[in-house]
Amino acid sequence: MAGEAEWAAARLKFGASLSLSQVESRRDPENDPYRSKYRARELLEEVKALLGPRDDDEEDEEDEEDDDDRPPQDRPRHHGGRDDGLPDETPEPPPRRRPGPGPGLLRAARLAAVEYQLGLNHTDTEEPAAGEEHLLRCLRLLRPHRLRPPCVALVIQAQNNLGILWSERSEIETAQTYLESAEALYNQYMKEIGNPPLDPCEHFLPEEEKLSEQERSKRFEKAYTHTLYYLAQVYQHLNMTEKAAQYCHTTLKRQLEFDGYHPVEWAINAATLSQYYLNEQCFMESRHCLSAASVIFSQTEQISSAESPQAEQDQQDLHQRKAEIARCWIKYCLNLLQNARKSLEDNIGELDPDKQGELKARRKSEEDEKENGRKKAVLFGTSDMRDSILALEEKVSCTSPLDFQEAREVFLVGQNYVSEAKEYFQVDGHVTDHIEIVQDHSALFKALAFFEDDYERRCKMHKRRIDMLEPLSADLNPQYYLLINRQLQFELAETFYEMMDLKVALANKLEELDPHTVKKINSLAQAAIKYYRLFLDSLRGPDRAFPEQLEEDVLRPAMVAKFHIARLYGKLIPGEGRKELENMQTSLAYYTALVDYCEKHPEAVPAVETELELSREMVGLLPTRMERLRAKLTPFT
């Protein structure tokens, strides 16, 4: 065993190695980035030498149980433990209890702390194989003592780092095993012992410099939070999305509880988690995540405004993150409105008053009960922080709106975040992002229009959509933005189509059509036809020929475009009979094209069953109508 002089030297060298790794390395030159790390490694090797060889009784004790952590190629297979080089799925209890840490345990813990730092050192200097070897030695040294207070934190942190190492090798299931073992060890330790354990840095500190129990607890909980954080990523990689979301939520809660977070990073992670809840239609949870993200992010804004001006790039990064959170809010408002529409519409896409009345009658008791039961499990932050989060939540509902007034309140919140997002994502420099935000803005108007029973006001909402989308479509170069151009063309066509339908519905209430109304209906129909045709033309090849077989992603839009063009020609109000006949011929040609394509490609039928059925019906009816019209137009001889 090392003498007092050797032990004092070991303490000094260990402390110096930490300073080199954690402080001095930040100032290393670009042409020698690991200079301090390499010097720290030399000091750690000297510490190992000063600690001296292990006592025979320690070596025998450790060798009895270290096989499970050896590399697979070096491990005998005669024992009954795991033979794949991974830790057991649940930690084993220590072989025997001692009243306090004896010499064997302390020596093992000190050597393990050195091996752990060597493992970090090698991984930091891009030597993962050597890093893994040292981390495994750390685990082997501590295996008999892994549940003891001097060792448990070191074991968990070594397993965390092995989990990271294997994740970086894309061996996700191996990483999962190490991290789940760390999680199980934490749970067992807290259940059976619970006292704040020694931090890995304390093994080389004199007694008077040891950490307080409060600080030990904080660091131990932070290490476990890291375990959960890495597990959330592992589960995400394994497509275990529900479990990944649970672990992410727990991680975020613990980071606030133990004050171990960076506000911007935390806010972005919370906003990202909100989108998972949104996809699951858990609007209360999604809103809470977004509200918390906005509140926590505001801390960064307050700090940056109070301190000296930040570098321009840092300010730009903050503006971008704020805009990204705003975009998540837009998606929240849009999904809430669209979900409400699905629950309220009848079989022709209009608001069903009976459904509306039924949902209003039963909503309050059900929603209150569900919200109160779930809210306790998801709340973030301390009591003061929660007050700020809840105050922000009150500005937007998490229950589906059931009438225009409720829908408008959600819409206005979404529209406010559209303005906020566009401050950063401007069309110059962020074309794709800017257009997606404008498309979401258009979708907000579309969702709100569903709740409006005044057709004239509904038309004005759709006109707002056209005013924001048409300039984008006109300015985009289809050579570089083909997909976006198609999306805009199709949406513009649908919007003009919807406006025309509304104008026709208003015209049907008139005793006689006036020229202005006729002109308006025809103008809207022709604009819809124009954009549907532009969309279909974008599918043509370099030879301008329409593809014989459509790709799956454009099959339904292309068939719907043909179907709607056919219907639109039937809606045009002609000035005289020959024009009406021409329109009917064009209409028949598009219906026939849809029917012929589905007969030639039967696999397309499921995508357009309703449109196909109506098209077949019109292909049968239109020729007869056209013959009657011809008979009227041809003088009797």
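Let's start inside the chain: Asn-339 sits in helix 12, which covers residues 312-344. Bear in mind that what you're looking at is a predicted model. Asn-339 counts as buried because its relative accessible area is 16%, and the cut-off for buried is under 20%.

What does the side chain of Asn-339 make a polar contact with? Its partner is the side chain of Ser-400, at 3.3 Å. Ser-400 also turns up in the list of residues that Asn-339 touches, along with Gln-281 and Phe-283, once residues up to four places away in sequence are set aside.

## Helix 1, face by face

Now for helix 1, which takes in residues 4-22, or 19 residues in total. From its first C-alpha to its last, helix 1 reaches 27 Å, close to the 27 Å you'd expect at 1.5 Å a residue.

Which residues of helix 1 are buried? They are Trp-7, Ala-10, Phe-14, Ser-17, Leu-18, Leu-20 and Ser-21. Look down the axis of helix 1 and these buried residues fall within an arc of 160°, so they line one face of the helix. Turn to the face pointing away from that buried side and you'll find the exposed residues Glu-4, Ala-5 and Leu-12.

## Cysteines

How many disulfides does the model have? The count comes to 0. Take Cys-151, which is in no disulfide: the nearest cysteine sulfur belongs to Cys-138 and lies 9.0 Å away.

Is Cys-151 buried or exposed? Cys-151 is buried, because its relative accessible area is 0%. Cys-598 is buried as well, with a relative accessible area of 2%.

## The chain as a whole

Stepping back, the secondary structure of the chain comes to 22 helices and 0 strands. The chain has 637 residues, and 47% of them are buried.

Contacts reach across the sequence too: among those between residues at least 6 apart, 72% join residues at least 24 apart. The Asn-339 side chain and its polar contact with Ser-400 give you a local view to set beside that figure.

Note on methods. Residues are numbered from 1 along each chain as its sequence is written. This is a predicted model: local features need pLDDT of at least 70, side-chain atom pairs count only at pLDDT 80 or more; totals for chains, interfaces and linings use all residues. Side-chain values use heavy atoms; hydrogens and water are left out. Helices (H or I, at least four residues) and strands (E, at least two) are DSSP runs, numbered from the N terminus. The expected span of a helix is 1.5 Å times one less than its number of residues. Buried means under 20% relative accessible area, exposed over 50%, partly exposed in between (1.4 Å probe, protein chains only). The arc is that of the directions from the helix axis to the C-beta atoms. A polar contact is a pair of N or O atoms within 3.5 Å; within protein, one must be able to donate a hydrogen and the other to accept it, and residues adjacent in sequence count only if both atoms are side-chain atoms. Contact means heavy atoms within 4.5 Å. A disulfide is a pair of cysteine sulfur atoms within 2.5 Å.
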